[in-house]
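Please read them with the structure open beside you.

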Amino acid sequence: MKYVYVHWKHEKAEEPSHLWYEIADDKFQNRTIEFYADGSVGFAVRSEATDGSDDLEIGGTTNSTEGFPDVEEINSDKEFEALEITAAEFDQQWRKALASRRHMTRLLTIAIDGPAGAGKGTLARRLADHYRLNLLDTGLTYRAVAYALIQHALPLDNVSAAETAARQVDLAKLDRSVLSAHAVGEAASKVAVFPTVRRILVEKQRAFATTPPGAVLDGRDIGTVVCPDADIKLYVTASAEVRARRRLAEIESIGGTADFTEILADIVRRDERDMGRADSPLKPAADAHLLDTSEMAIEAAFLAAMAIIDDVLAKRDKA
Ligand code: C5P
């Protein structure tokens, strides 16, 4: 019986990103691949790293008398997540790790754009989980600027205050619970028209995108402006009616009430503002894959996106 652990770790933002797979059998014979920030890859069998270092601390070594930590023990440390899988899956995981080594030695950037309520946020989260990438909902950065102005009772067209707020945005501290309010989204689309505010936020978003191992970013201008060289660009859309119906169902599911016609009018107004602005309007990049989720459940959209991404990764491996 083999015990297989696959775990990974993203260091704090200021430290290099570091992803690792560790596979150990019950004699603590480990096979490990480590991915470093500079794109280099460490490879170790039985805890002897090829560079001569012996820096593996978890899982013990061939000489170790220490037991391998429990999955629960690893999972209780929030820096790790672990899976225990069957012996039959051992080699499959190892092959996956080898494939990832090829993928991950190069940054992977997935750009997702689309209007509010098309399902791009959920899709972005699923893809980031699946491909073990960093995740940034860039809408939150515009919301953070709007929220700061609202908090200081400043008008939303005070450009210099908006610029100051944009400079203070810390991507590691975006609080969705505060920023997700409907009114903040409306206000965000007003401050998002200012080119200087956009420039400040885009710079932060680009720095995030180029942090290994890469990222999924979702927003309105990711494929066109923030990451024009993204490996994969998706444009996720749905009819305004479908988006309004989804929003209404969401509100009702948490016991709220709302008027469909008003929600629809809100959505149409936001679309017009986002698509009609002069700087970085919402539109699909020329090389974006279109995903219309009007008639599609999120699971189907996820599978369709995965097929596109896996195809790109397979071509990249051959190149
Ligand atoms: O996606 P979300 O609804 O959180 O975005 C709020 C607003 O922020 C959008 O309506 C849009 O005006 C603006 N935004 C943007 N560019 C992005 C992301 C969001 O202009 N990349």
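1. Two residues are taken to be in contact if their C-beta atoms, placed from the backbone, lie within 7 Å. On that basis, residues 24 or more positions apart account for 67% of the contacts in the chain with a separation of 6 or more. Please keep in mind throughout that this is a predicted model.

2. As to the overall make-up, the chain contains 12 helices and 11 strands, and 35% of its 319 residues count as buried.

3. Around the ligand there is a shell of 14 residues, of which the closest are Gly139, Tyr142, Ser189, Ala192 and Gly219. The elements that contribute two or more residues to this shell are helix 4 (139–151), helix 7 (182–191) and helix 11 (260–276). Sorted by class, the shell around the ligand comprises four nonpolar, five polar and five charged residues.

4. Helix 3 (residues 120–131) has a length that can be checked: with 12 residues at 1.5 Å a residue, helix 3 should span 16 Å, and because its end C-alpha atoms are 16 Å apart, the two values agree.

5. Which residues of helix 3 are buried? They are Lys120, Gly121, Leu123, Ala124, Leu127 and Tyr131. These residues cover an arc of only 160° around the axis, and therefore they lie on the same side of helix 3.

Note on methods: Residues numbered from 1 in each chain as written. Predicted model: local features only at pLDDT ≥ 70, side-chain atom pairs only at ≥ 80, totals over all residues. Near = placed C-beta within 6 Å. Helix = DSSP H or I, 4+ residues; strand = E, 2+ residues; numbered from the N terminus. Nonpolar A, V, L, I, M, F, W, Y, C, P; charged D, E, K, R; others polar. Expected span 1.5 Å × (residues − 1). Buried ≥ 20, exposed ≤ 12 C-beta atoms within 10 Å, placed from the backbone. Arc of directions from axis to C-beta.
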